[in-house]
Amino acid sequence: MTRSPQETFRNHVRALDSGDLDAIAAHFTSDAVFVTPAGVLHGRDGVKHGIGAVLADLPDAEWNPKSPIFAGDLLFLEWAATAGAARVEDGLDTFVFRDGLIRAQTVRYTLLTGPTT
């Protein structure tokens with residue numbers, strides 16, 4: 001039985017919290033696309049590269065997803081994160097699910113450093 005987008009996303013978040021790029025990429029289709037302002041990455045290796053960059057920007061982050069909105073096989077997610085002296089207040093991702101896996105993800109955020117105001 002195929003997992004629902006909600007189940008897939010819950011499992012993805014658990015993998016994200018672990019920081020294990022292989023476990024994270026396992027939630028994506030083999031032909032996944034990962035889109036950032038820097039460009040488009042392809043496949044699970046692209047996902048590992050893209051998410052690895054996010055995790056490098058926010059090592060050991062405390063993630064704060066804000067009211068995920070599911071619409072069928074689509075998820076719109078605003079988020080914030082704090083990691084030591086780095087933080088994101090305006091994270092925005094979109095996910096497209098297919099057959100219990102993530103087929104596409106867009107990621108956009110502004111990395112802030114220094115003390116919070």
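Predicted model: local features only at pLDDT ≥ 70, side-chain atom pairs only at ≥ 80, totals over all residues.
Start with helix 1, which runs over residues 5–18. It's worth checking its length: its 14 residues, at 1.5 Å a residue, should span 20 Å, and the end C-alpha atoms do sit 20 Å apart, so the two values agree. Now look at which residues are tucked away. Pro5, Thr8, Phe9, His12, Ala15 and Leu16 are the buried residues of this helix. They take up an arc of only 120° around the axis, so they lie on the same side of helix 1. Turn to the face pointing away from that buried side and you'll find the exposed residues Arg14 and Asp17.

Next, zoom in on His12, one of the residues in helix 1. Its relative accessible area is 3%, and because buried means under 20%, His12 counts as buried. What does His12 touch, leaving aside its neighbours within four places in sequence? The contacts are Ile24, His27, Phe28, Ile51, Phe95, Ile102 and Gln105.

One of those contacts, Ile51, is also on the list of buried residues in helix 3, together with Gly43, Gly46, Val47, Gly50, Gly52, Val54 and Leu55. Helix 3 covers residues 43–57, and its length works out too: 15 residues at 1.5 Å each should span 21 Å, and its end C-alpha atoms are 21 Å apart, so that agrees. As for what covers the buried residues of helix 3, the cover includes helix 1 and helix 2, along with strands 1, 2, 3 and 6.

Conventions:
Residues numbered from 1 in each chain as written. Heavy atoms only, no water. Helix = DSSP H or I, 4+ residues; strand = E, 2+ residues; numbered from the N terminus. Buried < 20%, exposed > 50% of the residue type's maximum accessible area, 1.4 Å probe, protein only. Contact = heavy atoms within 4.5 Å. Expected span 1.5 Å × (residues − 1). Arc of directions from axis to C-beta.
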